[in-house]
Amino acid sequence: MSNGSSNNNNTARFDAARRVAIFGGTHGNEMSGVTLVNLWMQNSAEIQRKGLEIKPFITNPKAVEKCVRYVDTDLNRAFTPENLSATGGDELPYEVQRAQEINRMFGPKGSAEAYDVIFDLHNTTSNMGCTLILESSKDAFNLQMMNYIKKALAPASCLVLLNEHPLLKYSTSRSVAKHPVGMEVGPQPQGVLRSNIFEAMRVILKHALDFISLFNEGMEFPPCTVEVFRVLERMDYPRDANGNIIAMVHPNLQDCDWEPLNPGDPMFQTFDGKSIHYQGSSTVYPTFINEAAYYEKQQAFVTTRRETLAASAIRKA
Ligand SMILES: CC(=O)N[C@@H](CC(=O)O)C(=O)O
Ligand SMILES: [Zn+2]
C-alpha cells in the first residue's frame with residue numbers, strides 16, 4: 001500500500017491494504033492481547049477477511065512465557081535506527097535481537113515492502129477505557145479508520161491518543177508498518193485477564209478489520225474530523241534524592257483519565273496528606289494515570305490537549 005496520493009478532488013488514494021498483522025504480547029504481562037492472539041493463532045476464522053492476509057503474531061514470546069513486560073529492554077521502545085542496524089547478534093539484548101527479526105518479517109521500517117497495517121494490542125493498569133494510539137496526525141488512512149471505529153462503538157467511548165510529540169514519541173513495534181495502530185485497553189492489572197477488557201479489545205479489532213475490508217472493496221470514505229488527545233507533557237512523581245517517590249497520585253486524580261485537570265487542581269498527595277497542585281497555565285486532560293509500567297520510566301501520567309484533526313476523503317487507488 002503506497003502512501004496517500006491526492007488527485008484533483010482531494011480524495012487521498014491508497015493501495016489496498018493486503019498485509020495486516022496483529023501483535024500480541026509486545027509486553028508479556030498484558031494479557032488481553034496475548035490471549036486474543038494465541039486464540040487467533042489456533043483459530044483465525046473471526047479475523048479472516050476476503051483478500052486480506054492477516055497474521056496474528058506473538059511479538060515477545062520470552063516475556064510472555066515469564067509473564068513480564070520485557071526480558072532485557074522494552075520491546076516497544078526498541079525499533080530505533082540504531083537498534084535495527086546494530087551488529088552483535090547474540091550479544092545484543094533479547095528485545096533488540098527480536099526487534100531486528102520483527103523488522104525483517106514485517107518491515108523493513110519505512111520501506112515499500114513493509115506490512116500495510118500492524119495492530120499492536122496493549123493493556124494498561126490505568127482507567128483509560130478503549131483507546132487507539134495514533135503516531136501521525138497526517139495519516140488520513142488511520143484517521144479514517146479511527147473515525148470508523150469510534151462511530152461503530154458509539155455510544156461506547158473510544159478515544160484517540162496522538163503520540164506525535166518530538167521528544168516524547170518512541171519507536172514502537174508497530175512502527176515498522178505503513179499504518180501503525182496502537183490499541184490500549186484498561187484498567188487491567190498486569191498478568192491478569194479481565195473478560196470485559198478482553199471483549200472490548202476483540203470488538204475494537206473486529207471493527208478495524210471491517211473498515212479495511214470495506215476500504216479494499218472500493219468504498220470511498222468522505223472527509224471527516226476526529227477528536228484526538230495530543231500528548232503534551234510527561235509528569236513524574238515527586239521523588240527524593242535517591243529517586244524514591246515521596247508522593248502518590250492524588251485521590252481526586254486517580255482513575256480520572258481523560259477528565260480535565262485545571263491549574264491549581266490537586267495531582268499528588270504526600271504520605272503525610274499534603275496535596276501537590278498542578279501548576280500548568282491551562283486545562284489539560286491527563287491519561288495513563290498511575291500506569292504500573294511507567295514508574296521505572298519516571299512517569300505518573302501524561303498531559304494531553306484536545307484537538308480536532310481533519311482527514312481528507314480516502315479511496316482505494
Ligand atoms: C502500558 C503500555 O504498555 N502502553 C504502551 C503504549 C503504546 O503502545 O504506545 C507502551 O508504553 O508501549
Ligand atoms: Zn504495553
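This is a predicted model: local features need pLDDT of at least 70, side-chain atom pairs count only at pLDDT 80 or more; totals for chains, interfaces and linings use all residues.

Q: Okay, helices then. How do α1 and α6 pack, in terms of angle and distance?
A: Helix α1, which covers residues 31-42, packs with helix α6, residues 195-216, at an angle of about 60°, and their axes are 9 Å apart.

Q: What about α5 and α6, at what angle do they cross?
A: Helix α5, residues 140-153, crosses α6 at roughly 125°, and the two axes come within 9 Å. That angle makes α5 oblique to α6, and α5 passes α6 in a right-handed crossing.

Q: Who makes the contact on each side?
A: On the α5 side there are Phe141, Gln144, Met145, Tyr148, Ile149, Ala152 and Leu153, while α6 brings Val203, Ile204, His207, Ala208, Asp210, Phe211, Ile212, Leu214 and Phe215. Divided by class, the residues in the contact of α5 with α6 are 13 nonpolar, two polar and one charged.

Q: Switching topic, where does UniProt place the "active site" feature?
A: The unreviewed UniProt entry places the feature "active site" at Glu184, and glutamate 184 is found in strand β8, which spans residues 179-186.

Q: Is that glutamate 184 buried or exposed?
A: Glutamate 184 counts as buried because its relative accessible area is 5%, and buried means under 20%.

Q: So what is glutamate 184 in contact with?
A: If we leave aside neighbours within four places in sequence, glutamate 184 is in contact with His122, Asn123, Thr124, Met128, Gly129, Cys130, Thr131, Ile133 and Phe288.

Q: What does UniProt place at residues 225-305?
A: The unreviewed UniProt entry places the feature "domain: AstE/AspA barrel-sandwich hybrid" at residues 225-305. Over this stretch the chain is 0% helix and 33% strand, and the C-alpha atoms at its ends are 16 Å apart.

Q: Now glutamine 298, where does that lie?
A: Glutamine 298 lies in the loop between β12, residues 275-277, and β13, residues 301-311. With 39% relative accessibility, glutamine 298 counts as partly exposed.

Q: What about asparagine 103, where is it found and what is it in contact with?
A: Asparagine 103 is found in helix α4, residues 94-106, and at 12% relative accessibility it counts as buried. Beyond its neighbours within four places in sequence, asparagine 103 is in contact with Phe79, Leu84, Pro108, Lys109 and Val176.

Q: What kind of peptide bond joins glycine 107 and proline 108?
A: Glycine 107 and proline 108 are joined by a cis peptide bond with omega of about -5°, and proline 108 has its place in the loop between α4 and β5. A cis peptide bond also joins alanine 154 and proline 155, with omega about 5°, and proline 155 sits in the loop between α5 and β7.

Q: Last one, what is the phi of tryptophan 258?
A: Phi of tryptophan 258 is near 75°, which is a positive value in a residue other than glycine. Tryptophan 258 belongs to the loop between β10 and β11, and tryptophan 258 is buried, with a relative accessible area of 11%. Asparagine 290, which is not a glycine either, has a positive phi of about 65°, and asparagine 290 is placed in the loop between β12 and β13.

Notes:
Residues are numbered from 1 along each chain as its sequence is written. Chains are lettered from A and ligands numbered from 1 in the order in which they are written. Side-chain values use heavy atoms; hydrogens and water are left out. Helices (H or I, at least four residues) and strands (E, at least two) are DSSP runs, numbered from the N terminus. Buried means under 20% relative accessible area, exposed over 50%, partly exposed in between (1.4 Å probe, protein chains only). Contact means heavy atoms within 4.5 Å. Axes are lines fitted to C-alpha atoms, for helices over the stretch in contact, and angles run from 0 to 180 degrees between N-to-C directions. UniProt positions are given in the numbering used here, feature names are shortened, and annotations may be inferred rather than shown by experiment. Angles under 35 degrees count as roughly parallel, over 145 as roughly antiparallel, 65 to 115 as roughly perpendicular and the rest as oblique. A crossing is left-handed if the near helix is turned anticlockwise from the far one by less than a right angle, and right-handed if clockwise. Ala, Val, Leu, Ile, Met, Phe, Trp, Tyr, Cys and Pro count as nonpolar, Asp, Glu, Lys and Arg as charged, and the others, Gly among them, as polar.
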